[in-house]
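Please look over the sequence and the 3D structure below before reading on. The paragraphs after it go from the whole chain to single residues.

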Amino acid sequence: GVKLDIASAQLCIVDGAWQEAPDNLACFDQAALFGEGVERGNLYLVADVWGEAEGRDSLARELIETVRREYVASRGTRSVALALAEAIRIANNFFFNLNAPLPPEARRIAGLTAVVWRDDELFIAQAGPGLVCLVRGRQLQRFPMTSPWFIAEERTMYDDEFTTPGAIPLGKRRNYTPDLFHTTVQPADVIVLATRTLAHLLSNEELIDTLANRHPDEIITGLDELASAADLSVIVLR
């Protein structure tokens with residue numbers, strides 16, 4: 001495999017305050033996950049839990065931990081994409097079972113963005129609100145390109161508006177399938193995993209201006225200034 005030299009930075013703003021050690025973001029190095037000599041890639045996760053603030057962080061942490069654990073457990077049995085989808089399915093299962101006994105107004109939903117970076121490949125799984133951007137030079141790719149979550153600021157969505165299985169938020173249905181994407185990476189590409197707020201804050205042109213040819217630390221500083229009072233979580237990789 002190619003030795004990856006990945007610069008990364010992260011940002012989490014909740015209620016206008018910068019979070020030092022956010023529970024909803026995680027970067028797991030391949031060697032830390034699998035030990036030496038297993039080529040299963042680095043795993044990056046952003047969770048976006050909606051609803052009551054009380055207990056939100058521990059739920060985000062639990063979703064991330066479930067995906068990590070299940071992805072590691074899959075080591076040799078399945079393709080990366082299938083292993084990611086299965087890990088998210090199990091995280092949804094846990095979440096759905098938490099929600100099921102609660103009255104509807106007490107239930108939560110969540111988005112989960114998961115990326116495995118292995119050699120020169122990116123495997124992306126999107127569950128509910130969230131997105132991944134890849135910037136190469138002045139070209140931007142978004143995964144997914146469109147989503148009902150990018151348009152709707154504050155409204156309840158009806159089931160018929162979930163145009164793809166992965167647009168459905170976690171915690172809502174018993175069975176779950178995320179949207180899966182696959183792409184290759186070149187040196188100097190910038191990859192951003194983000195909560196859906198990023199799609200509301202910046203147009204594609206502004207995204208390119210903010211992300212292109214910059215170091216992750218610089219990008220984070222720029223996004224921090226742009227976000228001001230908006231809740232935003234991102235992991236930037238290069």
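What follows is a walk through the protein chain, its helices and some of its loops.

This is a predicted model, in which local features need pLDDT of at least 70, side-chain atom pairs count only at pLDDT 80 or more, and totals for chains, interfaces and linings use all residues. Residues are numbered from 1 along each chain as its sequence is written, and side-chain values use heavy atoms, with hydrogens and water left out.

The protein chain has seven helices and eleven strands; helices (H or I, at least four residues) and strands (E, at least two) are DSSP runs, numbered from the N terminus. The radius of gyration is 17 Å, close to the 18 Å that the globule rule gives for 238 residues, so the protein chain is as compact as a globular protein of that length. Here the radius of gyration is taken over C-alpha atoms, and the globule rule is 2.2 Å times the number of residues to the power 0.38. The C-alpha trace spans about 50 × 40 × 35 Å along its principal axes.

How much of the protein chain is made up of buried residues? Of the 238 residues, 49% are buried, where buried means under 20% relative accessible area, exposed over 50%, and partly exposed in between (1.4 Å probe, protein chains only). The accessible surface comes to about 11,000 Å², and 49% of that surface belongs to carbon and sulfur atoms; the areas come from the Shrake-Rupley method with a 1.4 Å probe, and for residues only the protein chains shown count as cover. Among contacts with a separation of 6 or more, 68% are between residues 24 or more positions apart, a contact being heavy atoms within 4.5 Å.

The helices give a way into the interior. Helix H3 (residues 80-99) has 20 residues and reaches 29 Å from its first C-alpha to its last, close to the 28 Å expected at 1.5 Å a residue. The expected span of a helix is 1.5 Å times one less than its number of residues. Buried residues of H3 include Val80, Leu84, Ile88, Phe95 and Phe96. What do the buried residues of H3 pack against? Their partners are strand S4 (42-50), helix H2 (56-73), strand S5 (109-118), strand S6 (121-127) and strand S9 (179-184).

Helix H2 has 18 residues, which should span 26 Å at 1.5 Å a residue, and its end C-alpha atoms are 26 Å apart, which agrees. Its buried residues are Leu59, Ala60, Leu63, Ile64, Thr66, Val67, Tyr71 and Val72. These buried residues pack against strand S3 (25-28), H1, S4, H3 and S5.

Leu33 belongs to helix H1 (residues 30-34). Is Leu33 buried or exposed? Leu33 has a relative accessible area of 10%, so it is buried. Leaving aside neighbours within four places in sequence, Leu33 is in contact with Phe28, Gly41, Leu43, Arg68 and Val72. Leu33 and Tyr71 are 38 residues apart in sequence, and their C-alpha atoms are 9.1 Å apart in space.

Glu54 sits in the loop between S4 and H2. With a relative accessible area of 63%, Glu54 is exposed. From Glu54 to Gln126 there are 72 residues in sequence and 25 Å in space, C-alpha to C-alpha.

Two more residues belong to the later part of the chain's numbering. Thr197 is in helix H5 (residues 197-201) and is buried, with a relative accessible area of 18%. Not counting residues up to four places away in sequence, Thr197 touches Ala230, Asp231 and Leu232. Ser228 lies in the loop between helix H7 (216-227) and strand S11 (232-237). By the same exclusion of sequence neighbours, Ser228 touches Ile13 and Gly16. Ser228 and Ile13 are 215 residues apart in sequence, yet 8.6 Å apart in space, C-alpha to C-alpha.

The backbone is the last topic. Most residues other than glycine have a negative phi, and most peptide bonds are trans. Asp15 is not a glycine, but has a positive phi of about 50°. Asp15 is in the loop between strand S1 (8-14) and strand S2 (17-18), and at 64% relative accessibility it counts as exposed. Ala188 also has a positive phi, near 75°. Ala188 is found in the loop between S9 and strand S10 (190-194), and is partly exposed at a relative accessible area of 42%. A cis peptide bond, with omega about -10°, joins Phe143 and Pro144. Pro144 lies in the loop between strand S8 (139-143) and helix H4 (148-151).
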